[in-house]
Amino acid sequence: MIASRGLKLMRNFSTTAARNSHAYGGPGSNLPFDVNSKYKFTALLAIYFSTGFGLPFLMVRFIKHRAL
């Protein structure tokens, strides 16, 4: 009895949460960038990851050249 009550409460919560999520425009609609343009998305993703990966190497290069 307790388990069925818990399942009912969980089901009610999930349907309420789905009902209260205002506008659903499909996959990718809640992201802060456009995923419809494949080439633009690929370019922005490459820039984002290469910046994060390359920054430590650029910092080391800057420190090594500054010390000379």
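Where does UniProt place the feature "transmembrane region"? I looked it up: the unreviewed entry puts it at residues 41-63, in the numbering used here, and such annotations may be inferred rather than shown by experiment.

A note on what I am reading: this is a predicted model, where local features need pLDDT of at least 70, side-chain atom pairs count only at pLDDT 80 or more, and totals for chains, interfaces and linings use all residues. Residues are numbered from 1 along each chain as its sequence is written, and side-chain values use heavy atoms, with hydrogens and water left out.

Next I checked the fold. I found 2 helices and 0 strands (DSSP runs numbered from the N terminus: H or I of at least four residues for helices, E of at least two for strands). Over residues 41-63 the chain is 100% helix and 0% strand, with the end C-alpha atoms 33 Å apart.

Then I followed helix H2, residues 38-67. Its 30 residues reach 43 Å from first C-alpha to last, close to the 44 Å expected at 1.5 Å a residue (1.5 Å times one less than the number of residues).

How well is H2 covered? Hardly: 1 of its 30 residues is buried, meaning under 20% relative accessible area with a 1.4 Å probe, protein chains only; exposed means over 50%, and partly exposed lies in between. For the whole protein, 3% of the 68 residues count as buried.

Last, I picked out Tyr 48, which is found in H2. Tyr 48 counts as exposed because its relative accessibility is 59%.
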